[in-house]
Amino acid sequence: MATDNPFRDPATSSDELGRDNSVTMDSTLAVGRDASLSLGTDSLVVLDEAFENGGIGCCGLWPSGTANTRSVPFYNILWAELQGDVLSIDYAASLSKTTVRPATLKYPVEKPDLDRVNKWLGKLLDRSYGEAQRRKRAKILVNPYSGKGSAEKWYRRDVEPLLKAARCSIDMVKTRYRGEAVEIAEKMDIDAFDTVVACSGDGLPHEVFNGLGKRADAKKALSKMAVSHIPCGSGNAMSCNVNGTNSASLATLAIIKGIPTPLDLISITQGETRTLSFLSQSVGIVAESDLATENLRWMGSARFTYGFLVRLLGRTVYPCDLAVKVAIEDKPSIKEHYGKEQDNDEPASERRGYKTLLDDDASASSGNEDGLPALRYGTVNDKLPEGWELIPYDKMGNFYCGNMAYMAADTNFFQCALPNDGYMDLVCINGDISRLAAIQMMLAVENGKFFDNPLVSYRKILGYRIIPKNQKDGYISIDGERVPFQPFQAEVHKGLGTVLSRTGHMYAAPGPL
Ligand SMILES: Nc1ncnc2c1ncn2[C@@H]1O[C@H](COP(=O)(O)OP(=O)(O)OP(=O)(O)O)[C@@H](O)[C@H]1O
């Protein structure tokens with residue numbers, strides 16, 4: 001429908017528009033002498049004669065607009081309230097493609113209008129937050145040694161000001177030693193917070209999931225407490241997947257607007273231990289390229305690529321025995337499975353994570369004080385489960401099992417990974433393929449064609465046992481951390497954990513082509 005009125009919301013039905021102009025009227029608020037604020041389809045439209053005269057606003061802070069109008073996407077609106085007779089709107093202003101900073105719009109309102117203004121404010125906040133919880137209570141953990149040691153600086157500059165502008169409550173601590181985040185998550189009052197925010201690499205979220213998993217009420221804690229991530233480390237895959245960004249300020253905005261999203265977690269048994277993995281497990285080239293190249297830290301992120309190429313060109317193999325419980329075997333069926341979830345438009349409020357985050361009472365009275373779920377397939381020390389068969393893979397080059405899609409920024413390795421489908425995505429590649437094929441495969445990860453490469457075995461699985469062999473020592477990585485070079489077994493628990501994401505059911509990765 002064509003409209004001459006820039007403030008008419010095209011989303012409103014013709015029926016409503018037919019009544020009179022009240023919808024448009026209700027959506028638009030005259031403020032001051034020469035300004036008005038309108039609720040558009042997906043943004044707040046500010047018309048202010050002062051823009052034209054250069055009196056208000058700071059160039060560069062406005063996402064878009066004409067001479068006397070500016071628009072702020074609802075997604076960027078952090079808070080809005082009346083302070084006496086001044087209407088104040090806090091929003092995340094874009095400084096660049098990767099940086100937002102809080103900014104405020106202030107307009108005087110007339111006393112007789114207060115009632116109407118309050119109603120309008122309610123609508124603005126409804127549109128700005130949708131199903132996301134407002135004013136989240138955040139327990140923040142900052143690892144001062146993450147990456148190159150800038151986490152605290154970035155927290156102060158990129159994170160805290162946005163959280164404050166969104167009126168979130170903040171309880172921040174710096175981690176003092178390895179493993180402290182496990183202890184904090186294990187002991188924290190889960191009724192006092194909505195999310196634990198790790199300002200770190202992927203190591204701290206791994207510790208937080210494990211700390212929650214150690215509690216006597218692990219099931220409830222993992223379901224209620226959303227684990228979130230601000231990218232401050234050397235590996236920041238979690239933020240890329242759930243926040244859709246590797247930028248600390250954009251990740252903060254994603255957390256402020258994030259919807260609770262159930263996340264599959266994986267139990268790993270090795271020796272006598274049971275740990276939770278949220279991201280990936282690797283044996284062979286990926287683990288070694290990451291963990292055996294610590295001496296090349298000066299190279300930054302090129303260290304991994306270098307380590308990977310050296311091994312690829314050397315056609316290194318990592319022999320093992322492997323038993324896998326397969327759920328979906330072939331690529332077309334995996335794509336179909338992914339597509340179904342992509343098209344699933346069930347409202348977030350119907351999903352498990354949402355209810356428990358918002359409704360403290362319901363989760364508290366559910367009486368579910370259980371620890372971690374029982375292991376369906378036993379541990380690595382048990383007899384092989386019924387129907388599993390150990391197969392020798394003497395030419396294994398890359399054993400890589402993922403629970404999320406991005407393994408690093410721009411590395412969408414597990415293109416069909418879903419947060420809550422109850423499956424792990426397993427990629428196996430032979431180590432003796434030609435060097436050319438191996439390099440083409442590596443490049444295919446960047447151009448999105450990896451999944452379809454015929455040399456890539458890609459399966460959706462429920463569990464596996466892997467026994468490395470013919471190697472005295474080697475590298476196994478769980479969520480990027482080194483574990484002993486010993487057999488281990490994995491099984492997935494559907495939706496056991498909780499994260500915050502934009503859609504409530506998908507990762508930010510683009511999926512298969
Ligand atoms: N104060 C501290 N001193 C030393 N280690 C710490 C401290 N706080 C946290 N850690 C540990 O640092 C490890 C790595 O953390 P994180 O993932 O945040 O950073 P990273 O730079 O991405 O990691 P990596 O060193 O694995 O590349 C975690 O295991 C964590 O327990």
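**Exercise 1.** Is the crossing of H5 and H10 left-handed or right-handed? Describe how the two helices meet.

*Solution.* Start with the ground rules. This is a predicted model, where local features need pLDDT of at least 70, side-chain atom pairs count only at pLDDT 80 or more, and totals for chains, interfaces and linings use all residues. Residues are numbered from 1 along each chain as its sequence is written.

Step 1: find the helices. H5 covers residues 151–165 and H10 covers residues 248–256. Helices (H or I, at least four residues) and strands (E, at least two) are DSSP runs, numbered from the N terminus.

Step 2: take the axes. They come within 9 Å and cross at roughly 30°. Axes are lines fitted to C-alpha atoms, for helices over the stretch in contact, and angles run from 0 to 180 degrees between N-to-C directions.

Step 3: name the arrangement. H5 is therefore roughly parallel to H10. Angles under 35 degrees count as roughly parallel, over 145 as roughly antiparallel, 65 to 115 as roughly perpendicular and the rest as oblique.

Step 4: The crossing of H5 and H10 is right-handed (the near helix is turned clockwise from the far one by less than a right angle).

Step 5: list the partners. From H5, Trp-154, Asp-158, Val-159, Leu-162 and Leu-163 meet Ala-248, Ser-249, Thr-252, Leu-253 and Ile-256 of H10. Contact means C-beta atoms, placed from the backbone, within 7 Å.

Step 6: sort them. The contact of H5 with H10 has 7 nonpolar, 2 polar and 1 charged residues. Ala, Val, Leu, Ile, Met, Phe, Trp, Tyr, Cys and Pro count as nonpolar, Asp, Glu, Lys and Arg as charged, and the others, Gly among them, as polar.

**Exercise 2.** Describe the pairing of H6 with H7.

*Solution.* Step 1: the axes of H6 (residues 180–187) and H7 come within 7 Å and cross at roughly 40°. Step 2: H6 and H7 are therefore oblique to each other. Step 3: their crossing is right-handed. Step 4: by class, the contact of H6 with H7 has 7 nonpolar, 2 polar and 4 charged residues.

**Exercise 3.** Which residues come nearest to the ligand?

*Solution.* Step 1: of the 20 residues around the ligand, Thr-175, Ser-200, Gly-201, Gly-203 and Gly-233 come nearest (C-beta atom, placed from the backbone, within 6 Å). Step 2: helix H7 (residues 203–214) gives the largest share of the shell, 3 residues. Step 3: the shell has 4 nonpolar, 12 polar and 4 charged residues.

Methods:
Contact = placed C-beta atoms within 7 Å.
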